[in-house]
Amino acid sequence: MQDMINRIVEMDQKAQEITTEAQTARMQAEADVKARRSAIREELLSRARARLKINEETERELAEQGWQKVKTRHEEIASRLDADYRKNGEGWVSEIVNRVLGV
C-alpha cells in the first residue's frame, strides 16, 4: 500500500515537472516568436524605407527631366515669338494704332 502511494506521489511530481517544463517551453516559444516577429517587422520596414528612397530619387529625376523638356519647349516658343516680333513688330504697332484711331 505504501509502495502504491509512493508511486502515485512520484507520478504526480513527474506530471508537475512535465507541466512546468511545458509551460517554460511555451513561454520561451512565445518569446522567440515575438522576437522573430519584431525582427521581421524591422527588416521589412528597413527594406520599405530603402525602396521609398530609391523611388523618391527616381521620381525626382523623372520630374526634372519633364521640367527640362517643358523649359526647352517654352524657350523655343519664346524665341519664335521674339523673332516674329522683330520681324513684324512695327507693322503690328502701326496696325493697332490705325485701328484705335480709326484710320
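## Before you start

The model is predicted, so local features need pLDDT of at least 70 and side-chain atom pairs count only at pLDDT 80 or more, while totals for chains, interfaces and linings use all residues. Residues are numbered from 1 along each chain as its sequence is written, and side-chain values use heavy atoms, with hydrogens and water left out.

## Overall form

Let us begin with the whole chain. The chain holds one helix and zero strands; helices (H or I, at least four residues) and strands (E, at least two) are DSSP runs, numbered from the N terminus. With a radius of gyration of 43 Å, well over the 13 Å that the globule rule gives for 103 residues, the chain is more spread out than a compact globule. Here the radius is taken over C-alpha atoms, and the globule rule is 2.2 Å times the number of residues to the power 0.38. Along the principal axes, the C-alpha atoms fill a box of roughly 140 × 25 × 10 Å.

## Following helix H1

Helix H1 covers residues 2-101. Glu21, found in helix H1, is 13 residues from Lys34 in sequence and 20 Å from Lys34 in space, C-alpha to C-alpha. Lys87, also placed in helix H1, is 10 residues from Val97 in sequence, with 18 Å between their C-alpha atoms.

At Asn88, H1 bends by about 65°. This bend is the angle between axes fitted to the seven residues ending at a residue and the seven starting there. Just after H1 comes Gly102, which takes a positive phi of about 80°.

## Surface and charge

How much of the chain is buried? Of its 103 residues, 1% count as buried. Buried means under 20% relative accessible area, exposed over 50%, and partly exposed in between (1.4 Å probe, protein chains only). Glu21 counts as exposed because its relative accessibility is 54%, and Lys87 is exposed at 69%.

The accessible surface of the chain comes to about 9900 Å², and 56% of that belongs to carbon and sulfur atoms. Such areas come from the Shrake-Rupley method with a 1.4 Å probe, and for residues only the protein chains shown count as cover.

The chain carries 19 positive and 20 negative side chains, and the centres of the two sets lie 5 Å apart. Lys and Arg count as positive and Asp and Glu as negative, with His and the chain ends not counted; each charge is placed at NZ of Lys, CZ of Arg, CG of Asp or CD of Glu.

## Salt bridges

A salt bridge is a side-chain nitrogen of Lys or Arg within 4 Å of a carboxyl oxygen of Asp or Glu. The count by this rule is five. One of them joins Arg41 and Glu42, at 3.8 Å from N to O. Arg41 is exposed at 52% relative accessibility, whereas Glu42 is partly exposed at 43%.

Another joins Arg47 and Glu43, at 3.4 Å from N to O. These two are separated by about one helical turn because they sit four residues apart in helix H1. Both are partly exposed: Arg47 at 46% and Glu43 at 42%.

Glu95 also forms a salt bridge, with Arg99, and their closest N and O atoms are 2.7 Å apart. Both residues lie in helix H1, four residues apart, about one turn of the helix. Glu95 is partly exposed at 39%, while Arg99 is exposed at 65%.
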